[in-house]
Amino acid sequence: MDPAVARRLVAEEGAAALALAAAQPDPGSLAAATALRRTVDADLAAAALSQIALRRRAITKFGDAASTLFFTPDALEQATRPDVARWRAERLAAAGVRRIVDLACGIGADSMAFLAAGLDVLAVERDEATAVLAEANLNALAGAPSRVLRADATEVDLADRTVFCDPARRTGAGRTWNVADFSPPWEFVTSLLDRDEGACLKLGPGVPHRLLPPRTLTEWVSHRGEAVEACVWSHHLAEPGRAAMLLPAADRLVATSANAPVGEVDAFLHEPDPAILASGGLGALAATTGAWRLHPEIAYLATSAPVPSPFWTSFRVLESFPWREKDLRQWVRDHAIGTLEIKKRGIDVDPAALRRRLKPKGPHRATIIITPTTGSAKVLVVERLGG
């Protein structure tokens, strides 16, 4: 977005244009553009319509607050979910942090949480248009002027502030784990962890463990069952190690070097939260629940009795038989299954394509899990526990 257009968008004339754009059923349509251009110039009309489309997309992440925030496409995708930003800000405040700098702040999602937690915040953004939008977002929250410093993160005077940094991990081809493509540069980002004031980094949940700096705590964060980030804390702020954090309930499991034992299919099957898997915490989860794996390389766990845990989704095993497509097709036909949920791990099959080939038809529904076991691959007919 052109910075001049961004400034107009957050001003009074922008508010009027946004109101007109919000009244359009489809802000991406030619009809919407034509309607707006009757009263608004082309540049502002395009920006307003794009902003309304982004706000509608942002509802899944920001809820009702999305209707008053400003976004760019990339910044919306990378922006922290409010529950996660709030958890991090409160954690920093509890650790005694009072002054923080948010490097590469994007549209200011984390800075807003820092402000709400009572921290003194310096928000920094290199892109001028994004900085304008972030400043508008912070002003709306703070109720008083909040300035976003437009600068390269590597050139900012960090003074005596704790640092938070969410480096951009995208190229023209999409997301990347080539650290040479990170912005700010990876070497600069990791050097922040050595500062006496402490630092916290936000990385993608798929960060390779080999990239994690030593003497840090990395918490893989799951929000409502979806792995959303890896939060890296310097040793000044947390005891080093690896853990899974499940939000919004803040259930936490510390990963250990324990290995999960391997055994047979039993009465209950459990699918660990993705943060457990990303953190390498499967062995710790098995140790605390008495569970075992069905296969040395597969992450499903089994127990002989129900074991409630926030760290997994549980299923009762109703039936099992060897995995052969023709046998599964016959089972679906014999049981008049019309709605079929297919879950799988370690099996080279596309669930959607398999469902089409099985041609489910009938009044009943079923959930099946196809997985390797200690003997052979099996189909497990299951029912989900706890809703």
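Modeller: Two residues are in contact when heavy atoms of theirs lie within 4.5 Å. The model is predicted, and local features are reported at pLDDT of at least 70 and side-chain atom pairs at pLDDT 80 or more, while totals for chains, interfaces and linings take in all residues. Numbering starts from 1 along each chain as its sequence is written, and side-chain values rest on heavy atoms, without hydrogens or water.

The setting comes first. The protein chain has 13 helices and 18 strands, taken as DSSP runs numbered from the N terminus (helices H or I, at least four residues; strands E, at least two). Its C-alpha trace spans about 65 × 55 × 35 Å along the principal axes. Of the 387 residues, 49% are buried, that is, under 20% relative accessible area with a 1.4 Å probe and protein chains only (over 50% is exposed, in between partly exposed). Among contacts with a separation of 6 or more, 67% join residues 24 or more positions apart.

The largest nonpolar core holds 39 residues, where a core is a set of buried Ala, Val, Leu, Ile, Met, Phe, Trp, Tyr and Cys residues joined through side-chain atoms within 4.5 Å. L103, L192 and L301 have the most contacts inside this core. Two or more residues each come from strand 1 (99-103), strand 4 (162-165), strand 7 (199-203), strand 9 (226-234) and strand 10 (241-247), and likewise from helix 9 (186-191), helix 10 (274-279) and helix 11 (282-289). Helix 11 gives the most to the core, with four residues.

L103 shows the packing in detail. Leaving aside residues up to four places away in sequence, L103 touches V124, A153, V156, L158, V163, F164, C165, D166, F188 and L192.

Six of its eight residues are buried, so helix 11 is largely enclosed by the rest of the structure. Those buried residues are L282, G283, A284, L285, A286 and T289. Their cover includes helix 10 together with strand 11 (251-254), strand 12 (268-272), strand 13 (292-293), strand 14 (301-303) and strand 15. Just after helix 11, G290 adopts a positive phi of about 75°.

Aromatic residues complete the description. Five aromatic pairs are found in the whole structure, a pair being two rings of Phe, Tyr or Trp (its six-membered ring) with centres within 6.5 Å, stacked if the planes are under 30 degrees apart, edge-to-face if over 60 and tilted otherwise. W87 and W233 form an edge-to-face pair, because their ring centres are 6.0 Å apart and their planes stand at 90°. W87 belongs to helix 6 (residues 82-94) and W233 to strand 9, so this pair ties together parts 146 residues apart in sequence. Both W87 and W233 are buried. The pair of F321 and W331 is tilted, at 6.3 Å centre to centre and 35° between the planes. F321 sits in strand 15 (residues 312-322) and W331 in helix 12 (residues 325-334), ten residues apart. F321 is buried at a relative accessible area of 13%, and W331 is also buried, at 8%.
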